[in-house]
Amino acid sequence: MILFLGAPGSGKGTQSSRLSAQLGIPCLSTGDMLRGEAKRNTARGRKLRGILASGSLVDDSLVCAAVDARLRRELPGNGIILDGFPRTVAQANSLDSTLSDLGMGGPLVLHLDVPRERIVSRLTSRRLCPTCGTIFNLKSRPSWLGSYCENDGALLMQREDDTEAVILRRLKEFDRACAPLIKYYSRANYYRLDGDGDSESVSAALLAIVGRTAGRAAA
Ligand code: AMP
């Protein structure tokens with residue numbers, strides 16, 4: 001199992017979905033999962049909408065239960081890539097107990113590091129296709145069709161939490177949780193890489209790490 005750590009805007013979404021296509025294994029983004037739930041017109045949907053719009057983290061218990069259910073269903077097949085989970089040490093503990101119940105080893109942890117000053121600019125220029133989920137960027141990865149998705153022609157959207165005030169709150173949440181998580185995974189299969197290059201080079205570096213660690217596991 002592979003998981004991505006990194007600040008909002010570090011490229012976790014782009015790189016995890018690319019790796020998922022390259023390796024042919026599913027990717028679970030907890031952000032996408034929660035945004036899907038938040039669209040529902042239920043009390044829980046409305047509560048989630050408020051939390052996501054504020055940039056704070058959703059309760060550990062809710063996220064852990066949802067991820068645990070997905071892992072039990074999907075992990076024993078081909079493995080899975082996690083984007084945005086765990087975000088706290090409590091979530092990392094929950095993940096470990098799910099993996100141990102399933103008789104699986106610890107995850108390969110890929111940490112994308114991007115300088116803080118680049119993050120805000122990346123996030124405010126990020127655009128998302130609401131239909132196919134492709135992530136574009138007005139500066140570094142514009143759609144060939146301008147404001148429309150080059151895959152399916154849908155009008156691109158800006159995420160509600162990609163505004164400067166909410167970005168600062170999300171970064172604060174990340175800073176609070178990041179050091180304890182790095183410490184948690186320091187003795188695991190943990191790799192920290194520069195996520196600030198062009199996305200093809202980052203992608204190649206990630207694939208090389210996955211290849212090396214898979215080779216070691218098979219040896
Ligand atoms: P992301 O798409 O990963 O940037 O996540 C968007 C938002 O979803 C975050 O700001 C949180 O509110 C929520 N979220 C995503 N993953 C988690 C998680 N593992 N734990 C708690 N909240 C999460």
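Is Asp-32 buried, partly exposed or exposed? Asp-32 is partly exposed, with a relative accessible area of 48%, where buried means under 20% relative accessible area, exposed means over 50% and partly exposed lies in between, computed with a 1.4 Å probe and counting protein chains only. The structure is a predicted model, in which local features need pLDDT of at least 70 and side-chain atom pairs count only at pLDDT 80 or more, while totals for chains, interfaces and linings use all residues. Residues are numbered from 1 along each chain as its sequence is written, and side-chain values use heavy atoms, with hydrogens and water left out.

Asp-32 has a partner in Arg-35, and their side chains meet in a salt bridge of 2.8 Å, N to O; a salt bridge is a side-chain nitrogen of Lys or Arg within 4 Å of a carboxyl oxygen of Asp or Glu. Both residues lie in helix α2, three residues apart, about one turn of the helix, and helices here are DSSP runs of H or I with at least four residues, strands being runs of E with at least two, numbered from the N terminus. Arg-35, at 24% relative accessibility, also counts as partly exposed.

By this rule the count comes to 17 salt bridges. In another of them, the side chains of Asp-113 and Arg-192 meet at 3.2 Å, N to O, and this pair links distant parts of the chain, since Asp-113 belongs to strand β4 (residues 108-113) and Arg-192 to strand β7 (residues 189-194), 79 residues apart. Asp-113 is partly exposed at 31% relative accessibility, and Arg-192 is partly exposed at 47%.

In total, 16 residues surround the ligand, the closest being Thr-30, Ser-56, Gly-84, Arg-87 and Gln-91, where a residue is near a molecule if one of its heavy atoms lies within 4 Å of it. A polar side-chain atom of Thr-30 lies 2.8 Å from a nitrogen atom of the ligand, while an N or O atom in the side chain of Arg-159 is 3.0 Å from an oxygen atom of the ligand, and for Arg-170 the corresponding distance to a ligand oxygen atom is 3.4 Å. The protein covers 96% of the 480 Å² of accessible area that the ligand has on its own, with areas taken from the Shrake-Rupley method with a 1.4 Å probe, for which only the protein chains shown count as cover for residues.

Arg-159 also meets Asp-161 in a salt bridge between their side chains (2.9 Å, N to O). Arg-159 is buried, with a relative accessible area of 16%, and Asp-161 is buried as well, at 11%. Salt bridges that share partners join Arg-126, Arg-159, Asp-161, Asp-162 and Arg-170 into one network.

Another buried residue is Asn-137, with a relative accessible area of 10%, which is found in strand β6. The side chains of Asn-137 and Ser-125 are joined by a polar contact of 3.1 Å, a term for a pair of N or O atoms within 3.5 Å, of which, within protein, one must be able to donate a hydrogen and the other to accept it, and residues adjacent in sequence count only if both atoms are side-chain atoms. The side chain of Asn-137 also reaches the backbone nitrogen of Ser-140 at 3.2 Å.
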